[in-house]
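Please keep the viewer open while you go through the points.

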2 protein chains.
Amino acid sequence: MYFDHLTFSAMEKRQKARFINSLAGFKSANLIGTRDAKGQENVAVVSSLIHLGSNPALLGFISRPHSVERHSLENIVTSGFFTANAVTEQLYRAAHQTSARYQKHESEFEQTGLTPVYSDLINAPYVKESPLKIGLKLVETLPIAANDTVMIIGEVQEVWVDSEAVMKDGYIDLEKLSISTISGLDSYHRTERLDRLSYAKPNQPLTRIDVNGEPLE
Amino acid sequence: MYFDHLTFSAMEKRQKARFINSLAGFKSANLIGTRDAKGQENVAVVSSLIHLGSNPALLGFISRPHSVERHSLENIVTSGFFTANAVTEQLYRAAHQTSARYQKHESEFEQTGLTPVYSDLINAPYVKESPLKIGLKLVETLPIAANDTVMIIGEVQEVWVDSEAVMKDGYIDLEKLSISTISGLDSYHRTERLDRLSYAKPNQPLTRIDVNGEPLE
């Protein structure tokens with residue numbers, strides 16, 4: 001089946017959004033926690049959080065200034081902080097509900113039954129129910145001219161994670177934490193590991209490694 | 001289990017890379033196809049491809065100028081085009097092998113057994129074996145000052161996808177295509193759908209929808 005520019009243009013607006021949102025593949029599922037100068041809390045599901053680098057440890061996500069994420073963006077610029085909290089099989093319905101267009105004075109925490117908690121270091125609420133919580137300090141807001149969106153870049157300050165999921169070699173077993181993945185705009189999935197693979201080198205066959213990073217073959 | 005800046009600094013370099021790479025959650029798995037002015041082909045697995053917007057239809061990914069992806073970046077800037085090809089259960093081993101540090105004159109296609117194919121529109125090779133192929137025109141290369149990486153942004157020009165996977169409402173059923181997702185640096189996963197959920201509205205309960213977008217409840 002072939003789609004080109006003409007086919008896209010002929011698609012109904014939401015149909016096109018579902019199609020284009022499905023193209024890149026499976027996406028991470030995170031709840032971004034923020035608060036404004038008055039302490040008003042906000043939490044919003046995002047599917048665009050990505051790893052930018054390990055040294056320094058940077059994550060970024062895309063904010064559409066005219067969407068529901070605009071409150072998150074305003075709060076992050078004001079406070080200088082945000083949290084990212086992994087969405088699990090137990091949390092994906094509440095997470096999806098945070099994408100409703102609530103008013104600025106309404107807290108999505110209250111509306112969806114999620115619980116805000118704080119650490120000493122980060123001026124933004126974590127989601128108590130998430131087993132993988134990341135505290136970030138704003139480093140850069142990068143305007144993307146091509147479509148008037150913004151990439152928000154944060155440096156990891158602290159991580160709270162169930163210790164059973166952290167392997168000796170540093171890998172975090174997201175499946176042990178029942179973390180979900182998103183496809184398109186509204187589909188949530190669990191995962192099943194196919195393999196961990198050895199570091200690839202030219203002219204050398206890959207080997208399978210177990211979840212702890214130990215050779216299987 | 002709590003990690004802060006001090007814990008990160010104490011981690012061994014590759015252990016830290018595995019840990020930080022695991023934080024954002026599940027990632028998309030795509031093969032980026034490019035070629036240089038002489039026709040030398042390149043294909044590289046990336047886990048950072050994300051949706052930037054539907055109108056115009058934009059995707060972006062992160063290139064580390066000093067890594068194996070540098071050949072892709074050079075080719076994209078020269079040719080103005082690249083392809084993104086979804087990695088499946090059948091392809092993830094070959095995809096992972098493309099991350100080996102081959103020399104510039106070595107084609108990862110030849111080295112990994114993947115097959116390049118071309119369309120009339122895009123000056124870059126597709127991966128024949130992939131059931132979801134996206135042709136993109138370079139729109140912008142966005143330097144990220146915080147860690148000297150580059151976000152490469154492309155506009156979708158054409159899409160080749162097995163028609164059985166495209167639902168009436170525009171959603172693409174990635175599971176029907178056996179598309180994989182990545183966690184950390186080296187773990188590949190299949191998925192199982194939990195639910196598609198209705199568009200969220202304030203003070204209105206979510207309903208489950210089936211893979212075609214029809215209400216289930």
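**Notes on the two chains**

1. Let us begin with B:Leu6, which is exposed at a relative accessible area of 68%; exposed stands for over 50%, buried for under 20% and partly exposed for what lies in between, with a 1.4 Å probe and protein chains only. This leucine sits in helix H1 of chain B, residues 5-10. Between B:Leu6 and B:Ser48 there are 42 residues in sequence and 27 Å in space, taken C-alpha to C-alpha.

2. A word on the ground rules: this is a predicted model, in which local features need pLDDT of at least 70 and side-chain atom pairs count only at pLDDT 80 or more, while totals for chains, interfaces and linings use all residues. Residues are numbered from 1 along each chain as its sequence is written, chains are lettered from A and ligands numbered from 1 in the order in which they are written, and side-chain values use heavy atoms, leaving out hydrogens and water.

3. Chain A holds five helices and 14 strands (DSSP runs numbered from the N terminus: helices are H or I with at least four residues, strands are E with at least two). Its radius of gyration is 19 Å, close to the 17 Å that the globule rule gives for 217 residues, so chain A is as compact as a globular protein of that length. That radius is taken over C-alpha atoms, and the rule is 2.2 Å times the number of residues to the power 0.38. Of the 217 residues in chain A, 61% count as buried.

4. Which residues of helix H3 (residues 70-79) in chain A are buried? They are A:His71, A:Ser72, A:Leu73, A:Asn75, A:Ile76 and A:Ser79. These buried residues pack against several strands of chain A, among them E3 (30-35), E7 (81-86) and E11 (149-161); contact here means heavy atoms within 4.5 Å. After H3(A) comes A:Gly80, with a positive phi near 80 degrees.

5. Now to the meeting of the chains, where 104 residues from chain B and 104 residues from chain A take part in the contact. The area buried between them is about 9,100 Å², with carbon and sulfur atoms giving 59% of it; buried area is the accessible area (1.4 Å probe) that two parts lose on being put together, summed over both. On the chain B side, B:Leu23, B:Phe26 and B:Leu194 lose the most area to chain A, together 8% of what that side buries.
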